[in-house]
Amino acid sequence: MDIRTIFPLIFSLILIAVFGVAQLVFLRVFNREWWQRKWIRRAVWLLPLVGAVAVVMWGYGEYSRRDWLAYPGAVIAVLTFILEVGLTLSLPVSGVLHIINWVFDIISRKHKHPKAEKVDRHRRLLLRTGAAAIPLAALAAGGGGVAAAISGARVYRRTINIGGLPDDLDGLKILHISDVHLRHYVSLDDLERVFTLAEPLSPDITVLTGDIADDNRLLPGALRLAEGLNPPLGTYACLGNHEYFQGIAEVFKSYERSSVPLFV
């Protein structure tokens with residue numbers, strides 16, 4: 001296993017550890033009422049542990065070339081990180097609502113009114129519900145984002161208005177493909193579906209703007225798919241940072257064997 005594989009694993013472990021500690025601190029400091037509940041404490045402790053185990057699965061899967069182990073490990077690690085970030089951002093906000101509730105309790109006890117008890121119950125219910133809803137919404141949004149990221153390929157149409165261009169460029173259709181990261185999460189079949197969906201749109205030019213493959217063995221197949229679309233103004237490419245991570249010499253060879261010009 002070389003540094004190109006080890007670096008993202010170490011970086012992922014550090015991020016999971018940092019945000020895991022942050023969520024624990026924010027829960028204990030800002031949400032003491034929740035901290036008293038054993039199952040909540042255990043769940044918050046368990047989240048970074050699950051993430052660490054997932055990174056180990058991911059790393060071992062990469063090392064042993066077992067995609068069936070690396071893929072779920074990477075997905076669980078990413079999901080863990082997103083959930084940790086959501087909790088880290090939302091727990092302080094929930095804590096503010098808990099503090100507001102605590103302040104109102106003090107005021108209510110000092111200025112007790114016959115009708116105040118019913119108002120207090122509604123107020124406590126509202127604040128506690130809001131405090132719980134914020135982290136739950138963050139967790140749901142994070143999980144939904146991961147689900148959307150690993151869903152099927154889609155092609156979007158976007159109109160870009162640029163003033164001062166020659167009239168000949170009016171209506172020019174550009175197929176822009178970037179950050180595909182072919183390997184575990186996106187396959188050549190997924191990329192082929194993108195080109196299939198794009199073909200009826202009749203793009204005038206195709207641009208590949210880097211990070212096409214995280215496995216250089218898949219790059220030639222990706223370039224063949226790009227060549228197959230054959231837009232009128234051609235297909236062109238540039239490099240991303242992952243081309244250097246995966247071995248720039250092999251990337252250059254793949255482009256030299258294809259008809260796709262590479263701008264460097």
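Here is a short chat about salt bridges and a surface patch in this predicted model.

Me: Hi! How many salt bridges does the count come to?
Reply: Hello! The count comes to two salt bridges in this predicted model.

Me: Which side chain does Glu-62 meet in a salt bridge?
Reply: That would be Arg-183, with 2.8 Å from N to O. Glu-62 sits in helix α3 (residues 38–64) and Arg-183 in the loop between β1 and α6 (188–198), so this pair ties together parts 121 residues apart in sequence.

Me: Nice. Is Glu-62 buried or exposed?
Reply: Glu-62 counts as buried, because its relative accessibility is 11% and the cut-off for buried is under 20%. Arg-183 has 22%, so it counts as partly exposed.

Me: And what does Asp-215 pair with in a salt bridge?
Reply: Asp-215 meets Arg-217, at 2.7 Å from N to O.

Me: Buried or exposed, those two?
Reply: One of each: Asp-215 is buried, with a relative accessible area of 11%, whereas Arg-217 is exposed, with 59%.

Me: Changing topic: which residues form the nonpolar patch on the surface?
Reply: The patch is made up of Ile-160, Ile-162, Leu-165, Leu-169, Leu-172, Ile-174 and Leu-233. Together they have about 650 Å² of accessible area.

Me: Where does Ile-174 lie?
Reply: Ile-174 is in strand β1, which covers residues 174–177.

Me: Why does Ile-174 count as exposed?
Reply: Because its relative accessibility is 51%, and exposed means over 50%.

How values were computed. Residues numbered from 1 in each chain as written. Predicted model: local features only at pLDDT ≥ 70, side-chain atom pairs only at ≥ 80, totals over all residues. Heavy atoms only, no water. Patch = residues over 30% accessible without salt bridge, like charges linked within 9 Å, V, L, I, M, F, W, Y side chains within 5 Å. Areas by Shrake-Rupley, 256 points an atom, 1.4 Å probe, with all protein chains shown as cover. Salt bridge = Lys/Arg side-chain N within 4 Å of Asp/Glu carboxyl O. Helix = DSSP H or I, 4+ residues; strand = E, 2+ residues; numbered from the N terminus. Buried < 20%, exposed > 50% of the residue type's maximum accessible area, 1.4 Å probe, protein only.
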